[in-house]
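User: I'm new to this one and would like a guided tour. Could you put the structure up and take my questions as they come?

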Amino acid sequence: MEVFRIRGGETLEGSVKASGSKNAALPLFAAALLSPEESVLENVPNLSDIRFMAEILTELGAEIERLDQTTWKINPRSIVHYAPYELVRKMRASVCLLGPLTARLKRAEIPMPGGCVIGNRPIDLHLRAMERLGANVELKAGVIQVEASGLKGNSIFMGGRHGSTVTGTANAIMAATLAPGRTTIDSAACEPEITDLCRMLTSMGAKIEGIGSHMIEIEGVESLGGCRHSVIPDRIEAATYVLAAAITNGKILIRQARADHLGAFLNVMSDSGINVENVGNDLSVEACNGDLKSFEAITLPYPGFPTDLQAQTCALACRTNGLSILTERVYPSRFMHIPELLRMGAEISLEGTSAIIRGGKPLTGAPVMASDLRASAALILAGLAAEGETWVQRIYHLDRGYDSFERKLQALGAQVERLPESEMPKAFHSPSA
Ligand code: EPU
C-alpha cells in the first residue's frame with residue numbers, strides 16, 4: 001500500500017486545473033448504456049472509480065476504448081442485464097446502472113450495494129422510482145431484481161429524510177427517458193451533476209423539461225442515439241484547492257472551475273475572509289495573511305453547502321481564530337476525519353450532528369489514517385498547514401476521487417510525496433505491521 005508524506009508549512013502559489021467531475025462522469029457512463037449507439041465522453045477524470053465503472057460496463061458487454069487521457073468511447077451495442085458482485089461492491093455509484101438497464105433491457109440484476117463508512121446509504125427511493133414506472137422490484141439473495149416489461153410514465157417523488165437523492169434522481173430520469181408517456185419527478189435533486197446528465201440525455205434525443213429545477217418532466221421516447229459529451233468540471237475538487245490555498249495562506253488560480261456551482265461554499269469562504277474571484281472560467285484565490293475568521297456551515301442538498309466539502313472545511317476551521325460550527329444534515333455520521341484531526345492537535349468536539357471546532361491552535365504533523373475519500377483530502381489539507389511531517393495512510397480512498405492530487409499540489413509548491421508504506425518511520429507502524 002502507498003502513503004502520503006506531507007511536510008507542512010509551504011505557502012501554495014501558482015495555478016492548477018480542475019479535472020472533470022467524478023460524480024457527473026459516473027452516471028454519464030451508465031447513461032451511455034441507454035442507446036445501442038456509440039457515445040464519446042470528454043473531460044473524464046483519471047480516477048480509480050472511473051476505471052471500476054469502465055470495468056463494469058465491459059463486463060456487461062460494452063466495448064470501451066480510452067482514446068486519450070480524458071476521452072472515453074463507449075460502444076454498448078450488445079449488453080446483458082446483470083452486473084457482477086465482485087465489481088459492484090467496490091463502488092456504490094454502480095447503482096446508477098439500475099435505470100439504464102431497466103429502461104433499455106426491461107430487466108436488471110444488480111447486487112445490493114454494501115455498507116459505507118460515511119453512514120447508512122439506503123436505496124429505497126431508487127427502487128420506489130422503478131416501481132412507480134411500472135417495474136416489479138424484488139431483493140433475492142442480496143441481488144436487486146427488476147423486471148419491467150410494461151414501463152410507463154408516472155409521477156415520482158424523490159425527496160427523502162435527508163433531502164433529495166442525487167443518484168436516485170439520476171436513475172429515475174434515465175429510466176423515464178424510455179418509458180412511454182409523461183413522467184414528472186418532484187423534489188428532484190438539482191445538483192450540477194444531474195443537470196449535466198440531463199444535457200447528455202437531451203443530446204441523445206431525450207425529451208426533458210425543467211432541467212436544473214426540483215420538478216423535472218420527461219416525455220418518454222422510443223429510442224435514444226449516441227452522443228459526444230464533455231463532463232463538467234469537478235466542483236468538489238476545485239473547492240478543495242480553494243481550501244488548500246486558504247489553509248496555507250496562499251494565492252492560487254484554479255483553471256476551469258465553475259464559481260456558479262459553488263455559491264454556498266464561496267459564501268462561507270468569504271465569511272472566513274478568503275478572497276475568491278471569478279476570472280472568466282477560472283477562480284483566483286487569495287488568503288488573508290493568516291487572519292482567518294471562524295464560520296458556520298450546514299451541509300444540505302444543492303444549492304446548499306455540499307456534504308462532500310464538510311471534512312475538508314473542518315480542516316480549515318482548525319486554522320481560524322475562534323469557534324466554527326459545521327453541521328452535517330446529509331450524512332449525520334460523516335465525521336470519521338475528526339479523531340484523526342485530533343491526533344494532529346485539533347480541538348474539535350462533536351455535539352449531535354455538529355462539529356464544534358476551536359481554531360487557532362497550531363496543528364502538528366502525525367501519522368493519520370484516511371477512512372474515506374473526502375476525509376483523505378481533509379487530512380492532507382491539515383498536513384499542509386501542520387508543523388512537521390504528516391503521514392496519511394490508506395490513500396487508495398483519495399485515488400477514487402482526486403485526479404493526480406499530489407502532482408497538482410506539488411505544482412503549487414506543496415511538499416507532498418506518494419511513498420510505499422515501508423518508507424514510514426518504524427515508530428509509526430502499527431504493532432502488527
Ligand atoms: N437516501 C435515502 N434513500 C435513498 C437514497 C438516499 O434515504 O434511496 C439518503 C441518504 O442516506 C443520504 C441522502 O439521502 O442521507 C442523500 O443521499 P444521495 O442518494 O443523494 O447520495 P448518493 O446519490 O448516493 C451522491 C454522491 C456522494 C454525495 C451525495 C450527496 C455520487 C456518485 N455520489 O451520492 O458523493 O455525498 O450524492 O451529495 O454522485 C463523494 O463524492 O465523496 C460522495 C460520497
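User: Before that, what kind of model is it?

Analyst: This is a predicted model, in which local features need pLDDT of at least 70 and side-chain atom pairs count only at pLDDT 80 or more, while totals for chains, interfaces and linings use all residues. Residues are numbered from 1 along each chain as its sequence is written, and side-chain values use heavy atoms, with hydrogens and water left out.

User: OK, how many residues are in the largest nonpolar core?

Analyst: The largest nonpolar core has 77 residues, and those with the most contacts inside it are Phe29, Leu34, Leu97, Ile173, Met174, Ile185 and Leu201. A nonpolar core here is a set of buried Ala, Val, Leu, Ile, Met, Phe, Trp, Tyr and Cys residues joined through side-chain atoms within 4.5 Å. Buried means under 20% relative accessible area, exposed means over 50%, and partly exposed is in between, using a 1.4 Å probe and protein chains only. Apart from that core lies another of 69 residues, among them Ala239, Ile254, Phe335 and Leu341.

User: And what does Ile173 touch?

Analyst: Not counting residues up to four places away in sequence, Ile173 touches Ile185, Ile194, Cys198, Leu201, Ile208, Ile216 and Ile218, where contact means heavy atoms within 4.5 Å. As background, in soluble globular proteins nonpolar side chains tend to be buried together.

User: Switching to helices, what does H4 pack against?

Analyst: The buried residues of H4 pack against helix H1 (22-31), helix H2 (48-60), S6, helix H5 (124-132), S8 and helix H6 (166-177). Helices (H or I, at least four residues) and strands (E, at least two) are DSSP runs, numbered from the N terminus. H4 is mostly covered, with seven of its eight residues buried, and these are Leu98, Gly99, Pro100, Leu101, Thr102, Ala103 and Arg104.

User: How about H10, how many of its residues are buried?

Analyst: Eight of the eight residues of H10 are buried, namely Gln310, Ala311, Gln312, Thr313, Cys314, Ala315, Leu316 and Ala317. In the loop between strand S19 (296-298) and helix H10 (310-317) lies Pro303, and the peptide bond from Tyr302 to Pro303 is cis, with omega near 10 degrees.

User: How many disulfides are there?

Analyst: Taking a disulfide as a pair of cysteine sulfur atoms within 2.5 Å, the count comes to zero. Cys314 is in no disulfide, and its nearest cysteine sulfur, that of Cys318, is 5.5 Å away. Cys314 counts as buried at 0% relative accessibility, and Cys318 is buried too, with a relative accessible area of 3%.

User: Which residues does Ile357 contact?

Analyst: Leaving aside neighbours within four places in sequence, Ile357 is in contact with Cys314, Ala317, Cys318, Gly322, Leu323, Ser324, Leu326, Glu347 and Ile348. Ile357 lies in strand S22 (residues 354-358) and counts as buried, at 0% relative accessibility.

User: Last topic: where does Ser404 lie, and how far is it from Ser19?

Analyst: Ser404 lies in the loop between helix H13 (396-399) and helix H14 (405-411), and it is buried, with a relative accessible area of 18%. The C-alpha atoms of Ser404 and Ser19 are separated by 9.3 Å, although these residues are 385 residues apart along the chain.
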